[in-house]
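Take a look at the structure below.

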Amino acid sequence: MYNALAINPAFAGCHDALSATISYRNQWVGFTDAPKSQILSVHTPVDNDRIGLGLLVERNSIGIFKETNLIGNYAYRMELQDGKLALGLGFGVTIYNSAWDELFAADANDVQLMNNNTSAVLPAFSLGTYYYTKKYFIGISLPLFLSYDLDKSTGKYKIGNPFSGSNYFLTG
C-alpha cells in the first residue's frame, strides 16, 4: 500500500525525480519465526521523462520459508490528455529457500524432514499500467504472476502461469 512499485512496475519514474522507499513489517511480535517482510525500492525517470527505471528488493520470511525477489522495472510513459500513461514490465528472479532441518521433530528419523531443504532461483515477471494526473491516479497490475510447484519426485520446481489464480491489483 505504501510502496506502489512493489505491486505495479508501471509506477517506475512517476515521481519525476529519484525516489526511494524502505518498508519493514514484523507481524505477531514475540512469536518465534513470525512473518517478516522488508522492501526496498528505488526508481527514477530517464531519457526525457519517457522512460522510468526501478529496482525492487523484497524479502519475506515465515518460519522455515524465505523468499527474496530482485526485480528490475521498466516503464514507458507517454502524455495522455491532462496526465501521463505508463506501461510497465518487471523482470528478475525469485530466490526460494526452505530449511526443513530447522524444525524440531518428535521423531528424529522422520523421512519428510530429513534432507528436504530446498533452494531455487526462479524467473519473476510483473505487468502493469498506470495513469496519473496532479489530482488522481488509477492503475491495474499483475505482480509476480508466475507460480512454482515443487515436484517432490525430482526435487525441481515446475513453473506455470495460471492467471485465474493470480493476484490482480486495481489502485486509485
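Which strands each supply at least two residues of the nonpolar patch? They are strand E4 (65-80), strand E5 (83-98) and strand E6 (118-132). Keep in mind that this is a predicted model.

**The nonpolar patch**

**The salt bridges**

- The whole structure holds two salt bridges.
- Arg77 pairs with Asp16, and their closest N and O atoms are 3.2 Å apart.
- Arg77 belongs to strand E4, while Asp16 belongs to the segment before strand E1 (19-26), so this pair ties together parts 61 residues apart in sequence.
- Asp16 also forms a salt bridge with Lys84, with the closest N and O atoms 3.6 Å apart.
- Lys84 lies in strand E5 and Asp16 in the segment before E1, so this pair links parts 68 residues apart in sequence.
- Shared partners join Asp16, Arg77 and Lys84 into one network.

- Arg77 is buried, because its relative accessible area is 1% and buried means under 20%.
- Lys84 also counts as buried, at 16% relative accessibility.
- Asp16 is partly exposed, with a relative accessible area of 43%.

Methods
Residues numbered from 1 in each chain as written. Predicted model: local features only at pLDDT ≥ 70, side-chain atom pairs only at ≥ 80, totals over all residues. Heavy atoms only, no water. Helix = DSSP H or I, 4+ residues; strand = E, 2+ residues; numbered from the N terminus. Salt bridge = Lys/Arg side-chain N within 4 Å of Asp/Glu carboxyl O. Buried < 20%, exposed > 50% of the residue type's maximum accessible area, 1.4 Å probe, protein only.
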